[in-house]
Amino acid sequence: MTQTPFPDDFLWGCATAAYQIEGSPLADGAGASIWQRFSHDPRLMAAKGDTGDVACDHYNRMADDVALMKELGLQAYRFSVAWGRVLPEGTGRVNQAGLGFYERLVDTLLANDIEPLCTLYHWDMPVALDDRGGWLNRDSADWFADYGRVLFDRLDGRVKKWVTLNEPWVVTDGGYLHGALAPGHRNMFEAPIASHNLMRAHGAAVKAYRETGKHEIGLVVNLEPKYAASDSPEDQAAQRRAEAYMNRQYLEPAIHGRYPPELKEIFGEAWPDWPAEDFALIQQPIDFIGVNYYTRNVTRADDSWPLNAGPVPQTQATHTTTGWEVFPQGLTDVLLWVKENYGDLPLYITENGAAFYDPPNAEGGRVDDPLRVDYLRKHIAAIGSAIEQGADVRGYMLWSFLDNLEWSLGYSKRFGIVHVNFETQARTPKNSARLYSQVIATNAATL
Ligand SMILES: CO[C@H](O)c1c[n+]2c([nH]1)[C@H](O)[C@@H](O)[C@H](O)[C@H]2CO
């Protein structure tokens, strides 16, 4: 066994999101979100009948869940706020009961020496705002900044690491282009507009934070490194298109104040001419980049796929139950890619994990998940390799603390290191949780 020590102040935690774990989406005056609407619509929801009405019942079990985080040795916890709990109409009236839940969560985390990392937007826009155009409305930047101010005013200081958006790419590709996620639109002309307004909202929230905030705020992007299938010009071009569309579309404007040129080629007439002043707003300086990494893509020119860029199946590799290749080297590569292309901003892995088949019930209080143990060992070692090569990685938020609602795929895809019996709500740490506790205790990767 070889050990790779991590920096002394490296932050080990887990990540979740409000709609995936909380349940009680309309409790205590909360306003419904687009995921409440989407999950209850059998025309839209792939896993029909799986809604966030109960989920992991975290809204009622928060104190016990934090105690379990403490027992496992977590040093940090990345959660998201349900916008509609705090602002039921999305703007204006503050619902103190909803804000109070997050204040209790933060205080309970701090009382257990667990650092809170707070994500403002993890996909659950209030329906009241979606009915006003949602991310298609340029006013969404102001709505989002005002929502951020409510949280900054109440929690900044106790929360010292803020995230504006979780994965704007998934929000627009899933929610506006392909319709697989809320709000379920399928419109090539809408996707760039939603995408651009999300980034304007990101910038507006960062700007609002700088008015009073005394700590750190960043952006979380999903990065899937694209490896050209061959040196052919066609495959090289396909790799560039795929990389621009998924991996550069948000970091380029946030860091460099521009879009990759490939996007106008990809969207054609659906790509607007953006007002120049928008980029000054979007490019507000941030304190860190959050990287969500799950897998890679070997990319070839293939006109049966969008962008004329399709995946080359890696049939020799292990795959997760979501169909993703297990490829730890991709995490090392993508962290170094961020450093090379976007400079030396501190990086956090804000999500990494895997869904493998786990039994619905824990037999005798144990859940053996060897594939997840192996996945975590190798991906944590991959981070160590990136750090050794100069990437300034500051922390790792494992996805996820609990088995939870995997969006339109429902409860069948289990990402948790803690098993949830959704009949009884019993929590059972899996063997991967025990491994993670060892990693945290030793502050090292062991392979
Ligand atoms: C396509 O992979 C993305 O990076 C991604 C994967 N995941 C995510 N984004 C989301 O941020 C989480 O809410 C999901 O539960 C999680 C697992 O699917």
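Let me begin at the ligand: one of its oxygen atoms lies 2.8 Å from an N or O atom in the side chain of W407. I call this a polar contact, meaning a pair of N or O atoms within 3.5 Å; within protein, one must be able to donate a hydrogen and the other to accept it, and residues adjacent in sequence count only if both atoms are side-chain atoms. Taken alone, the ligand exposes 410 Å², of which the protein buries 88%; accessible areas come from the Shrake-Rupley method with a 1.4 Å probe, and for residues only the protein chains shown count as cover.

A word on the source. The model is predicted, so local features need pLDDT of at least 70 and side-chain atom pairs count only at pLDDT 80 or more, while totals for chains, interfaces and linings use all residues. Residues are numbered from 1 along each chain as its sequence is written, and side-chain values use heavy atoms, with hydrogens and water left out.

Two further polar contacts deserve mention. A polar side-chain atom of E167 is 2.6 Å from a nitrogen atom of the ligand, and a polar side-chain atom of H122 is 2.9 Å from an oxygen atom of the ligand.

Which residues are the closest to the ligand? They are Q20, E167, E351, E406 and W407, in a shell of 13 residues, where a residue is included if one of its heavy atoms lies within 4 Å of the ligand. By class, the shell holds six nonpolar, four polar and three charged residues. Here Ala, Val, Leu, Ile, Met, Phe, Trp, Tyr, Cys and Pro count as nonpolar, Asp, Glu, Lys and Arg as charged, and the others, Gly among them, as polar.

I turn now to helix packing. Helix α10, residues 233-248, and helix α14, residues 329-342, pack at about 90 degrees with their axes 14 Å apart. Axes are lines fitted to C-alpha atoms, for helices over the stretch in contact, and angles run from 0 to 180 degrees between N-to-C directions. Helices (H or I, at least four residues) and strands (E, at least two) are DSSP runs, numbered from the N terminus. The two helices, α10 and α14, are therefore roughly perpendicular, a term covering 65 to 115 degrees. E243, N247 and R248 of α10 meet W337, N341 and Y342 of α14, with contact meaning heavy atoms within 4.5 Å.

Finally, the backbone. A cis peptide bond joins A182 and P183, with omega about 10 degrees; P183 lies in the loop between α8 and α9. Another cis peptide bond joins W399 and S400, and S400 is found in the loop between β12 and β13.

Conventions: Parallel < 35°, antiparallel > 145°, perpendicular 65-115°, else oblique.
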